[in-house]
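Subject: Structure handover

Hello,

Here is the structure we talked about. Please open it and keep it on screen while you read the notes below.

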Amino acid sequence: MTAASLKTTPITATAGNACALGVRDLSVNFGGLQAVAGVGFEAAAGRITSVIGPNGAGKSTLFNLISGAIRPTGGRVTLDGVDVTGRSPDRLLAAGLARSFQITNLFFELPVLENLRIAAQVLERPWHALRPVGHSRRALAKADALLERFGLSAKARELAGNLSHGEQRRLEIAVALAAEPRVLLLDEPTQGMSHGDTADTGALIRSLAGDLTVLLIEHDIGLVMSLSDHVVVMAQGRKIAEGPPAVVRADLAVQAAYFGHG
Amino acid sequence: MPEATTLRTLSDPGHAGPASRLSRLAPVHWLALIFLVAALGFAAVAWATGNGFYLRLATEALIFAGLAMSVDLLLGYTGLLSLGQALYFGLGAYVSALVLRDVAPSFWLAMAAALLAGGMAGLIGGVIANRVKGVYFALITFGLAQVAAKTVYNTRALGASDGLIGIPQIRVGFGPVSLDTADPLSFFLLVLGLTVTAYAGLSYLMDAPFGRTLAAIRANEKRVPFLGFNAWRYKLAVYVLAACVAALAGALYPMLRGFVSPELMFFETSGNAVITVIVGGVGTLVGPVMGSLLLTALRSVVGSWTEHHLIVVGVIFMLSVIFLRKGLVGALLARLSRRGEAGRTAP
């Protein structure tokens, strides 16, 4: 399986890293508005690829297209070379693609642990859905491990809705990780976080790469530049530049569109 | 409906370690146990005083409790408001009546036939109703039941507006022993046993990952597909399950009454079931059972004073929506947990 070989690819092999997520000529229009127009790029396996651009550039719509929330009107999405264009989110998750949301999207009326347990339940055999929860050992172990890793153990029994904003943002990422995806889409994970939390989350995302291919939407340019292996710049639904962070930063078109005014 | 969640949290045994079984029994199950003891006590008193009327009334309440539990699966656990659950209840009643009258006076055959019919109708109804969400789902379930009810009402072969009469009383065999549906105590105990079995089985299922995924759908349906679940399939599954429960409950009705009528499918039956669930406690399963007993008793008592007993039921419904936000069971559980905490803090 390609999945196994991708996981064992050493992170040092910079050149010729396999493409885990391929986007080609992806487009969608809402009525007359071309929200995403012919966007294409490749996210290398085990790497962090960031999508940046001003508000309304179509970044979140791009995520919605890739993750199956919206059907594209044109173009292709491939996962490890397999065409997954237009697949429903649950089938994409089964194929190894998970995502988080810009606006925290949790089960607010359920406990934190239960949020993670539900998200990890796909690791279990289907018939475990009809057995007592205690039999879903792998899902429970996964949920516990994520509680630990994201510093939420003390809040395990708290309702997700009662967590602080920063904790909810952490839980949002943890929930996306629970299914052990190979490709993870993070939509502004640090949105509304304090400076310290943002730095912590950056370190966390860095630690995810290697095992995981990360596609990141992020507004904090400093974070993007320090984290990313590859940066895609969007404006008005189109890709206007891509490359390593240093190259993108130097690009005049990017400066005009994004860094603006300065 | 956040009220229901708090109840679920109370009843959630969580992932606690291997503590003793009794201490792990959730408060809501304690309530069910107390209810069962009270029901058996009632049966003993009614039998000793030779009061068949109240036994049959209680049996009817338990039969409608089955319908209410099926509404609770949808409303309380999955967040789907069905205004047409009487369709499956009535279907079960008619199928059972036809089997008992025309095929064979066999309890098990009648139940099996009702289950099969309920499951198939639930599958068809579920595919139709689950195409839409929210208010539209409620309206479609309402419409489906009205269409079915009017069809039965106008079908001469099914007795039209008169319904089917002359359903024979039967003996229910359990291997070597058997009991008679004509005997009020025996039939009450049988229906009580079935109600307890349904409660236990459904509670188990709702606490297993399957039921908890339904809770996730109720909490935030949009998120569920991104966690790898096909929400539509889950909603269809619980809809079929609820239809089966309603059909089985309905199948018992002609055994008690000896007749069935199209009113069983009418909106009044569906609406009463929803009221029962809300008065009893949404998302608890035991709430609908208690609510059904309370409302049936009230209807009978108040009905003997005045024809306008619906006014009383309506007022009780409004009062419970305003003052008992978590229903009867919510109020009782709050009391239990307060007492439990007091007991724990005392040395």
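Start with the place where the two chains meet: 22 residues of chain B are in contact with 31 residues of chain A. Keep in mind that this is a predicted model.

Look at chain B's side of that contact. Two helices, α1 (2–11) and α9 (209–220), each supply at least two residues to it. The largest share comes from α9(B), with 8 residues. By class, chain B's side has 11 nonpolar, 8 polar and 3 charged residues.

Next, the transmembrane regions. An unreviewed UniProt entry lists several for chain B, including residues 28–49, 61–87, 107–128 and 185–205. I checked two of them. Residues 107–128 of chain B are 100% helix and 0% strand, and their end C-alpha atoms lie 31 Å apart. Residues 61–87 of chain B are 74% helix and 0% strand, with end C-alpha atoms 18 Å apart.

Last, a helix pair within chain B. How do α3 (residues 27–48) and α8 (residues 184–207) of chain B cross? Their axes come within 11 Å and cross at roughly 175 degrees. Angles over 145 degrees count as roughly antiparallel, so α3(B) is roughly antiparallel to α8(B).

Now find the residues that make this contact. On α3(B), they include B:His29, B:Leu36 and B:Trp47. On α8(B), look for B:Phe188, B:Val196 and B:Ser203, among others. The contact of α3(B) with α8(B) has 11 nonpolar residues, 2 polar ones and no charged ones.

Best wishes

Technical notes
Residues are numbered from 1 along each chain as its sequence is written. Chains are lettered from A and ligands numbered from 1 in the order in which they are written. This is a predicted model: local features need pLDDT of at least 70, side-chain atom pairs count only at pLDDT 80 or more; totals for chains, interfaces and linings use all residues. Two residues are in contact if their C-beta atoms, placed from the backbone, lie within 7 Å. Helices (H or I, at least four residues) and strands (E, at least two) are DSSP runs, numbered from the N terminus. Ala, Val, Leu, Ile, Met, Phe, Trp, Tyr, Cys and Pro count as nonpolar, Asp, Glu, Lys and Arg as charged, and the others, Gly among them, as polar. UniProt positions are given in the numbering used here, feature names are shortened, and annotations may be inferred rather than shown by experiment. Axes are lines fitted to C-alpha atoms, for helices over the stretch in contact, and angles run from 0 to 180 degrees between N-to-C directions. Angles under 35 degrees count as roughly parallel, over 145 as roughly antiparallel, 65 to 115 as roughly perpendicular and the rest as oblique.
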